[in-house]
Amino acid sequence: QDSYAQMGGWCFAVLAPVCAVAAVVVTVFWCGIDDGQELVPVGSAASTLESIVAEANRRRAGPDGEVGTADDQLTTAEHLKLVIDLIQQRNPALVYANTSNWFFNHACTVHGQAALIYNDLNEYLLVFGSPITLGGYSGSYGFDLWDFQLEGTQYNFMLGDTQRYVYTPAPGETLTVLPRGSRKGYTFPEGGWLLEYGHGNVLDSLWIGVIQPTLFFSWDWASMWTSVREYGTGVWLNSLRHILQA
């Protein structure tokens, strides 16, 4: 009986997230529901989110004007909460995720943690990072990515580059863009945090960033379930909001 119970538990752990993803896929490709209201107008994503990040970084920095030093006015946790609050204040009508539900993200073997802020059928916004060193291969996605540095230094390079690019929380140095289909290598040598915005076929991120790593090397079923649950909840609630407002 114990072996059957254990087998049933494993089946649930695997099949429940898969069924949730299947439901989202049906919604996207069969029902054809579109959100109709973007969190960030794609043409102004960089300037809109960069201004929010700049304001949050300014409030955190101490007299030396730098983030992550001894005279900071906010802790890392307070800084991240401020960013989330500023985003939600800008678009109060949207349905936001429970940002206290952190989960590990193992995309392309880069091990960090993330908290989803918002998502719908064609965009998502989350906080990602680690208090310790992380880095590796970005992956290649079917959507565009904007990353805004909140803390720490990021080094990255695109395929064919012979020199690195440097991104920090300093004004004018926060934004790095990964166009759809592109790839890069990156590292946070001493840890760091960023705000990540994706726009396009964001369902692609569930396979590359959540399901594939879980099935093939991490076996982190708890993080997989949290990721899929939060994503699916955001899709349904924001699609429902759009239908009710139509």
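Author: Two strands count as paired if DSSP finds at least two bridges between them. Keep that rule in mind as we look at this predicted model.

Reader: What makes β4, β9, β6 and β7 an open sheet, and in what order do they stand?
Author: The four strands pair in the order β4-β9-β6-β7. The pairing is antiparallel. The sheet is open. β4 (134-137) and β7 (165-167) stand at its edges. Each has a single partner strand, so one side of each lacks a neighbour in the sheet. On average, neighbouring strands here are turned by 15 degrees against each other, direction ignored.

Reader: How do you know that β6 and β7 pair?
Author: Count the bridges. Three bridges join β6 (residues 154-158) to β7, in the antiparallel sense. The rule asks for at least two, so β6 and β7 count as a pair. For one place to look, find Gln 154, which stands opposite Tyr 167 in β7.

Reader: Which strands make the sheet of six, and in what order?
Author: The order is β1-β2-β3-β10-β5-β8. This sheet is open too, with antiparallel pairing.

Reader: Why are β1 and β8 called edge strands?
Author: β1 (103-105) and β8 each pair on one side only. From one strand to the next, the twist averages 30 degrees.

Reader: How do you know that β1 and β2 pair?
Author: The same test applies. β1 and β2 share three bridges and run antiparallel. At least two are needed, so the pair stands. Phe 104 is opposite Gln 113 in β2. Helix α5 packs on this sheet and touches β1 and β2. Its direction makes about 10 degrees with that of β2.

Reader: What joins β5 to β8?
Author: Four bridges do, and the two strands run antiparallel.

Reader: Which residues form the covered face of β8, and which the uncovered one?
Author: Thr 176 and Leu 178 form the covered face. Leu 175 and Val 177 form the uncovered one.

Reader: Why is Thr 174 called buried?
Author: Buried means under 20% relative accessible area. Thr 174 has 5%, so it counts as buried. Thr 174 is found in the loop between β7 and β8 (175-178). Beyond residues up to four places away in sequence, Thr 174 touches Glu 50, Asn 57, Asp 147, Phe 148, Gln 149, Tyr 167, Thr 168 and Pro 169.

Reader: Why does Thr 109 count as partly exposed?
Author: Partly exposed lies between the buried limit, under 20%, and the exposed limit, over 50%. Thr 109 has 49% relative accessibility, so it falls in the middle class.

Reader: What is the phi of Thr 109?
Author: Most residues other than glycine have a negative phi. Thr 109 is not a glycine, yet its phi is positive, about 70 degrees. Cys 108 also has a positive phi, about 55 degrees, and is not a glycine. Cys 108 lies in the loop between β1 and β2. Thr 109 is placed in that loop as well.

Reader: How do you know that the span of helix α3 agrees with its number of residues?
Author: The expected span is 1.5 Å times one less than the number of residues. Helix α3 (residues 76-90) has 15 residues, so it should span 21 Å. Its end C-alpha atoms are 22 Å apart, which agrees. Buried residues of α3 include His 79, Leu 80, Leu 82, Val 83, Ile 84, Leu 86 and Ile 87.

Reader: What makes a group of residues a nonpolar core?
Author: The members must be buried, come from a set of residue types such as Leu, Phe and Tyr, and be joined through side-chain atoms within 4.5 Å. The largest such core has 30 residues. Tyr 124, Phe 128 and Tyr 141 have the most contacts inside it. β2 (112-119), β3 (123-130), β5 (143-151), β9 (184-188), α4 (203-218) and α5 (221-245) each supply at least two of its residues. A second, separate core has 22 residues, among them Ile 84, Leu 86, Leu 125 and Leu 150.

Reader: Which residues is Tyr 141 in contact with?
Author: Leaving aside neighbours within four places in sequence, they are Ala 107, Cys 108, Leu 178, Arg 180, Gly 181, Asp 204 and Ile 208.

Reader: How many helices and strands does the chain have?
Author: Five helices and ten strands. Of its 246 residues, 47% count as buried.

Key: Residues are numbered from 1 along each chain as its sequence is written. This is a predicted model: local features need pLDDT of at least 70, side-chain atom pairs count only at pLDDT 80 or more; totals for chains, interfaces and linings use all residues. Side-chain values use heavy atoms; hydrogens and water are left out. Axes are lines fitted to C-alpha atoms, for helices over the stretch in contact, and angles run from 0 to 180 degrees between N-to-C directions. Buried means under 20% relative accessible area, exposed over 50%, partly exposed in between (1.4 Å probe, protein chains only). Contact means heavy atoms within 4.5 Å.
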